[in-house]
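Please load the model in your viewer and keep the selection panel at hand. The tour below goes from one selection to the next and says what is to be found at each stop.

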Amino acid sequence: MVLWLPAQWLAVGICLFAGAHVLQTSAVRHEPVYAVFGSLSLFVALYIALTAMLQMPAQPLETVAWIERTRLAVACVIYPVAFVFIALFTHMRDWRKWGYAVAAWFLTLLVVNLNQRWGLLRDSMRIDPVLRLPWGEQVAQFSGTVSDLAWPFFASALAVLAWSLWRCLALWKMREQARAGALSTYLAVQLLVVAYGQVATVKSWRGPDFTALPFLVLVVLVSHVLTKEWRQRSEDLAASLDALAVESSIREEAQDSLRKMAYRDAVTGLPNRNRLLEQIAAIQGQHDQRRKAALLLVGLDGFHSVNDALGHEAGDQLLRSFSDRLVEQCQHAMCVARLEGGDFAVLIGEGPSSDACDADVLARCLAESMSRPLRFDAHALALGVSIGIVHVSQPGPDAPLLLQQAALALRSARNRSRGSKSIFEPRMQTEASRQIALIRALHEAMHAGQLGLLYQPQIDNQGHLIGAEALMRWHHPEFGVIAPDEFIPLAERSGLIHVLGRYALEQSCAALRSWPVDSRRVRLSVNVSAWQLRRADFTDMVTDVINAYSVTPGMLMLELTESALIDDATTMGNKVRLLRSLGIGVSIDDFGTGYASLASLKSLPVEEVKIDRSFVQDMSVSEPDRFIGAIIELARALNLHVVAEGVETDAQREALARIGCNAFQGHGIARPMEMNQLLAIAGGSAG
Ligand code: C2E
Ligand code: CA
Ligand code: CA
């Protein structure tokens, strides 16, 4: 029965297969350990094949010598390749220079080996009688004298083996159990084979050649480990790919919803400004000149008050309720969008076609529909809408400009009165541009000396000068004199009012310093905007200016408006009290136009009220005016001084005097004038 030799050829097959397989794998996985191990397996296959050939009986001595020489040459290649492989397999760093040294050394041995007749290990060789294995198989045996050159080879092989042991320990430390286990088993088998060789030599045993066995063990175990790792990594990769696929689908969903968000308003679900602009551009892009369209900007009046009073949650519900109403009313609209706050836009086709309607008619329907209260968050409120309309023309302004024009029309409607509508006119654009130009120019105006004060006298019943109001004027180099009614609101909107207000106070205090001593009972009134009063440092600013100009506080009167006092009654009350404690007078301007009642003034140490000029202008001069009469009566009861503004005629002045008013200001008495003119009057009055 033959067993031993076929087993060896089987081992050759296994190594060939393993080598080819791993080399093929290395083409996919670009890791050098695979390529090196594949090559190692092929060399091991060759080594085992030569070992098997060596053991085939009945070969001439020359052939045996040739096979032995070749086998040793292959071993000289196997050692450096194994060195590189173990270095890579055990994750050794900086192995290259050692690798070159090992390769160079074994190459030298290989060259020497090829030049020896019997190979490197022997000086002579002879064929021994065949060895009969227990099952009857015959195996060739040979022996010979060991040459001196054999020892460097054995020493080198042992050094590589010892180094491999050290690397194996390193693997165990790295907790790479699978790799360490395979390498340990190989080394154990290798050591056993070396030990067997030694013992066999000492005891002169005759037995089969086991030198190829450890290599076989190495190839089988390592290819098993590498294949397992490869499979594991493939599985990990597949799992990562799956996770990546899930992630990319999540990302796609997110992008999808972002895309939607970019075109949808989050509160109402209506299209937003971007979508509206696209729709307008699409209409403008159509080449049908007969197709007409209009854009309506619908502003929900009072939305901000609801938001402030009931909170944002209620505000959002109000918006949703309003958007439902709007969509219901605008069924033919091409687009109903929400812009910001309580502002919505409706884009409609105009003209005879069935899906069109008239902007004017729609605006009226919308206004009417608002008479039904809006229900939201357990509230029901009837709010109005203001509407700005612009007609979309082709060719015409682009979509953003159209929207801006509609916004200007809406602002004009709101300025006129809440709940009205306005169609865009080019003059609105001109006015808006002028406003922008004015805001820009206002920055420079003060430094350029374009702002100045005029003073309007106030007299008593006897015609004596008792005070004057400082009124600001802007001498614009291009637009001429600009009235404060135009630039004060701009200053308030742009925040410049604080600088302007301080300037007015400083100029007034400078004027008071030059006030003649005998005119010191004449007081100067300075207007204070609500925005100024709201600033936390307002009273500090007033104190600073008064101190800087060393003005007697009693000569100064600050005119505040009712609206400024009511929006935070406690804080404002404290500020008024502080001003009064400094000795500064406080007057309520435009009295009757705001919401303050005289009763609410009771708690404030105010000194004076000024009856608004609109009441004076509308009053009847033939019979006592009951409204003004009531104001004067209550003011008297509260011990307040009353000044009537806008007195233009003697008849008005006399009628006011008859119902008890004793201070007057207006064109009928004197127009606002320069300081030197006022001083001349003051001198005359005092004289
Ligand atoms: P106001 O405080 O009500 O000032 C009175 C306004 O009525 C002044 O207009 C004055 O010129 C005008 N006026 C006086 N008598 C008559 C009259 O008989 N008939 C008519 N039709 N008008 C008369 P002006 O100077 O244009 O000021 C307008 C508003 O600008 C002021 O109203 C005040 O609110 C504001 N203002 C003026 N100067 C300043 C200032 O320095 N600071 C602040 N914050 N506001 C100022
Ligand atoms: Ca005033
Ligand atoms: Ca006034």
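**Before you select anything**

This is a predicted model, in which local features need pLDDT of at least 70 and side-chain atom pairs count only at pLDDT 80 or more, while totals for chains, interfaces and linings use all residues. Residues are numbered from 1 along each chain as its sequence is written, chains are lettered from A and ligands numbered from 1 in the order in which they are written, and side-chain values use heavy atoms, with hydrogens and water left out.

**The whole chain**

Show the protein chain as a cartoon, and you will have 24 helices and 18 strands in view; these elements are DSSP runs numbered from the N terminus, helices being H or I with at least four residues and strands E with at least two. Along the principal axes, the C-alpha atoms fill a box of roughly 155 × 70 × 50 Å. The radius of gyration is 53 Å, whereas a compact globule of 687 residues would have a value near 26 Å (taken over C-alpha atoms, with the globule rule being 2.2 Å times the number of residues to the power 0.38).

Switch to a surface, and the accessible area comes to about 34600 Å², of which 58% belongs to carbon and sulfur atoms; such areas come from the Shrake-Rupley method with a 1.4 Å probe, and for residues only the protein chains shown count as cover. Of the 687 residues, 46% count as buried, where buried means under 20% relative accessible area, exposed over 50%, and partly exposed in between (1.4 Å probe, protein chains only). Among the contacts with a separation of 6 or more, 68% are accounted for by residues 24 or more positions apart, a contact being heavy atoms within 4.5 Å.

Glu 469 counts as buried at 4% relative accessibility, and Asp 589 is buried with a relative accessible area of 7%.

**The calcium ion (ligand 3)**

Which residue links this site to the next one, the calcium ion (ligand 3)? Asp 589 bridges the two ions, which lie 4.0 Å apart.

Next select Leu 318 in helix α10 (residues 312-329), which is buried with a relative accessible area of 0%. Leaving aside its neighbours within four places in sequence, Leu 318 is in contact with Leu 300, Phe 303, Val 306, Leu 374, Phe 376 and Leu 383. Then go to Asn 307 in helix α9 (residues 303-310), which counts as buried at 10% relative accessibility and touches His 312 and Gly 315, residues up to four places away not being counted.

**Two loop residues with positive phi**

Arg 175, in the loop between α5 (150-173) and α6 (177-203), has a phi near 60 degrees, a positive value in a residue other than glycine, and counts as exposed at 66% relative accessibility. Asp 377, in the loop between β6 (374-376) and β7 (379-381), has a phi near 45 degrees and is partly exposed, with a relative accessible area of 35%.

**Last stop: Glu 492**

Finish at Glu 492 in helix α14 (residues 484-494), which is partly exposed with a relative accessible area of 24%. Leaving out residues up to four places away in sequence, Glu 492 touches Ile 497, Ser 529 and Trp 531. A distance drawn from Glu 492 to Leu 107, 385 residues apart along the chain, spans 94 Å between the C-alpha atoms.

Methods
Donors are N, O and S atoms within 2.8 Å of the metal (3.2 Å for Na, K and Ca); water is not among the atoms, so sites may look incomplete.
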